[in-house]
Amino acid sequence: MSDPMPILRRLWRIPLVVGWLLIGLLLTACVAIGDRVARNTTQRYRNSLTCLWMRGLIGILPLRIHRHGTPAKETALLVSNHVSWLDIVAIGAQSPVHFLSKAEVRHWPVVGWLASAAGTQFIQRGQAGGQTLHTQLRDALEQGESLVIFAEGTTTVGDRVRAFHGRLMSCAIESQTPLQPVAIAYRRDGQRDLLAPFIDDDEFSRHLLRLLGSAPIDVELHFLPLVQCQTHNRNQLARAAQGAVVQALGLVETGEVVAAPRVRSCEPAKAITCGMNARKSASNAA
């Protein structure tokens, strides 16, 4: 006999998620109206509302956040490993920050509107190292907006940390903004969770449906000590951030790719941000 619990969990979580998305769209409309009146004032409200909205979403999703350390109070460039679209929710709920996303997301129904209202910086594919994007990121940091980049450029199942790309970190050097490494891992009963990762050709709605039927997942979220940029070039920053994340997650460095010791277990079946191919992550830093 099949387990009825996933069905029962979905019965009460799905209406809450739909309702919370509608609230997000209402807030988006209010922000759009406010932008026409007083953009600077609206930006402060936008940041706070986005953070609060993500906290509410975590309350609906089966996530238990275990935070270690604190997000930088000053403006910072946060550099994180990348496992799932859930990374955005988990990190964004802790402090007002902005993310990077591929340009196509801007035009997606619901998700694109919410991302745009939250102040997401959109990237044209193949232009992550372009001068226009570089200038946008540097200007955002100089204006006091903290940014989050997923420097691996793709997601993993959480058993490794791929090489961090340094191209986007030059904006921190030029703006003299400190870098804060962030490490994130998903656990269930003390082991690596197999449901949370958003990998391969998985699709958002299917992944979300499975997630809404899940028992609680523990999210280990580490905000690590700041790295000052004055004495580093971008590649040194990338290596320093990657090393800090690896150490926080208890993984083992093996050359360019950082991986955990081999475990005798099967890789998860194709188990989301949001309807995208995770190889071209929503926060693709490559």
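Predicted model: local features only at pLDDT ≥ 70, side-chain atom pairs only at ≥ 80, totals over all residues.

Me: Where do Trp85 and Phe204 sit in the chain?
Reply: Trp85 is in the loop between β2 (77-80) and α3 (86-92), while Phe204 is in helix α7 (residues 204-212). The pair links distant parts of the chain, 119 residues apart.

Me: And why is the pair of Phe99 and Phe150 stacked?
Reply: Their ring centres are 6.2 Å apart and the planes are at 15°, so the pair counts as stacked. Phe99 belongs to strand β3 (residues 98-102) and Phe150 to strand β5 (residues 147-150), so parts 51 residues apart in sequence are tied together. Both Phe99 and Phe150 are buried.

Me: Switching to strands. Is β9 mostly covered or exposed?
Reply: Strand β9 (residues 217-223) is mostly covered, with six of its seven residues buried.

Me: Which way do β1 and β9 run?
Reply: Parallel, with six bridges joining β1 (residues 63-68) to β9. Arg64 has Asp218 in β9 as its bridge partner.

Me: What about β7 and β9?
Reply: Those run antiparallel, and six bridges join β7 (residues 179-188) to β9. Here Ile184 is partnered with Leu221 in β9.

Me: Last one: which residues form the nonpolar patch on the surface?
Reply: Met5, Ile7, Leu8 and Leu11, with about 390 Å² of accessible area together. Leu11 lies in helix α1 (residues 5-37) and counts as exposed because its relative accessibility is 59%, and the cut-off is over 50%.

How values were computed: Residues numbered from 1 in each chain as written. Heavy atoms only, no water. Patch = residues over 30% accessible without salt bridge, like charges linked within 9 Å, V, L, I, M, F, W, Y side chains within 5 Å. Areas by Shrake-Rupley, 256 points an atom, 1.4 Å probe, with all protein chains shown as cover. Salt bridge = Lys/Arg side-chain N within 4 Å of Asp/Glu carboxyl O. Helix = DSSP H or I, 4+ residues; strand = E, 2+ residues; numbered from the N terminus. Buried < 20%, exposed > 50% of the residue type's maximum accessible area, 1.4 Å probe, protein only. Pairing = 2+ DSSP bridges. Phe/Tyr/Trp six-rings, centres within 6.5 Å; stacked < 30°, edge-to-face > 60°.
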